[in-house]
Amino acid sequence: MRALLLSLATSLALAAPAKADIRDAVTSFTLDNGMDVVVIQDSRAPVVTHMVWYRAGSADEWPGTSGVAHFLEHLLFKGTDTLAPGELSATVARNGGTDNAFTSYDYTAYFQRVAADRLELMMRLESDRMVNVRLSEEDILTEREVIIEERNQRIENSPGALFREQKNAAQYLNHRYGVPVIGWRHEMVTLDLDAALAYYKRFYAPNNAILVVAGDVTPEAVRALAEQYYGVLEPNPELSERARPAEPPQTAERRMIFRDARVAQPYVSRSYLAPERDVGAQREAAALTLLAELLGGGTTSYFAERLQFESQKAVYTAAFYNGESLDDTDFTVLVVPADGVTLPEAEAAMDEAIESFLAKPIDTEALARIKMQIRAAQIYARDNVNSLANDYGSALASGLTVADVHDWPEVLASITPDEIIAAAKSVFNLDRSVTGYLMKEKGDAS
């Protein structure tokens with residue numbers, strides 16, 4: 001095993017870009033108006049990814065306006081003072097590029113991928129969109145129908161999505177993470193021009209934004225262009241520290257059952273409140289990242305071996321954790337029972353597997369393999385400037401720093417088995433959990 005890992009590590013090092021340490025390829029600075037800039041230099045292909053991330057997502061919405069962050073993302077592809085509706089994307093396409101945007105709980109991001117010599121054009125277009133959006137009532141009506149139809153397709157037509165939505169709401173009683181990013185339908189239908197513009201004027205400002213440029217560029221050239229197009233924009237002096245409603249301490253186990261006639265395969269899922277990655281303090285999050293892989297990261301995981309192959313009580317098992325979150329996140333385990341196994345039996349088997357995992361020493365060979373797989377993925381990700389831009393943008397928009405991104409691989413590699421068990425024992429507390437059954441009919445849970 002050691003020889004195999006050494007061979008893999010050597011081949012990965014040879015496959016990495018010329019700048020083996022990613023730190024050597026990354027430059028960061030802040031413009032006078034407060035806009036953060038990250039430049040990731042990779043000159044192997046004459047292309048560039050240009051992204052603007054706003055430190056504002058659905059969790060920053062005002063009560064009663066759920067979905068407005070995502071709604072505004074759509075609306076920003078309409079016109080500005082200088083661009084006709086749809087002209088921005090048409091210009092990107094005419095120059096051989098692609099563009100899009102996405103919204104999450106903690107951020108909203110807009111991006112273009114173009115030839116490197118079109119970077120200045122992208123900055124001109126995106127800086128214009130940051131401050132000069134021009135919306136009409138007709139834009140509101142047509143785009144509101146678009147996002148409602150998107151909810152129909154992604155949520156209403158999926159029992160699993162509806163289940164996760166309700167389970168999330170049960171997990172977070174007060175924090176906005178309990179509200180779906182796309183919004184509650186009854187509030188989406190009331191979103192109007194005032195709500196969209198209020199969110200835009202509050203959060204879309206250079207001192208609330210992160211510019212990430214990755215590809216065939218130099219830090220000096222990016223700085224000059226950023227100062228020319230973004231540096232001249234006025235910051236929002238009323239922008240304050242991000243503050244969300246605090247989640248009260250959870251002191252009782254929560255349970256729910258979601259029934260839907262369309263369910264083809266029932267399953268049990270449990271989520272526990274868990275800490276996120278914090279600035280300069282990422283070890284517990286790293287331990288939980290490795291724990292998720294050990295427990296439910298594929299067919300060689302502990303859950304798979306114990307529940308799918310040994311007892312044959314499950315046909316699928318998984319564990320999920322994403323620590324890149326501004327506030328407390330969750331750790332989720334899931335079991336899809338085999339034929340003839342009820343949901344309570346599947347839950348009991350899941351609990352037994354967790355108890356057994358905590359009582360035994362961690363398989364050090366399995367841990368070494370997982371660490372190497374993660375490291376391999378991190379190294380191979382350097383071949384994709386889009387992936388690199390996303391790594392830095394999402395981290396900074398979630399409250400982390402460039403240094404935290406750089407330190408993350410080493411932190412993961414240094415985590416000990418004792419730290420993983422300690423993190424697991426801290427998180428696996430039923431009084432901080434929500435257990436949900438997704439099933440077709442009432443009898444499915446018997």
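Colleague: What is the relative accessible area of Asp-327, a partly exposed residue?

Modeller: This is a predicted model, in which local features need pLDDT of at least 70 and side-chain atom pairs count only at pLDDT 80 or more, while totals for chains, interfaces and linings use all residues. Residues are numbered from 1 along each chain as its sequence is written, and side-chain values use heavy atoms, leaving out hydrogens and water. Buried means under 20% relative accessible area, exposed over 50%, and partly exposed in between, with a 1.4 Å probe and protein chains only. Asp-327 counts as partly exposed because its relative accessible area is 21%.

Colleague: Which residue forms a salt bridge with Asp-327?

Modeller: A salt bridge here is a side-chain nitrogen of Lys or Arg within 4 Å of a carboxyl oxygen of Asp or Glu. For Asp-327, the closest N and O atoms of the pair are 2.7 Å apart. The two partners belong to distant parts of the chain, 83 residues apart.

Colleague: Which helix holds both Arg-154 and Glu-150?

Modeller: The side chains of Arg-154 and Glu-150 meet in a salt bridge, at 3.0 Å from N to O. Helices are DSSP runs (H or I, at least four residues), as are strands (E, at least two), numbered from the N terminus. The two residues are four apart, about one turn of the helix, and both lie in α5.

Colleague: How many salt bridges does a search of the whole structure find?

Modeller: Among the linked ones, a network joins Asp-60, Asp-106, Arg-242, Arg-244 and Asp-327. The number found in the whole structure is 23.
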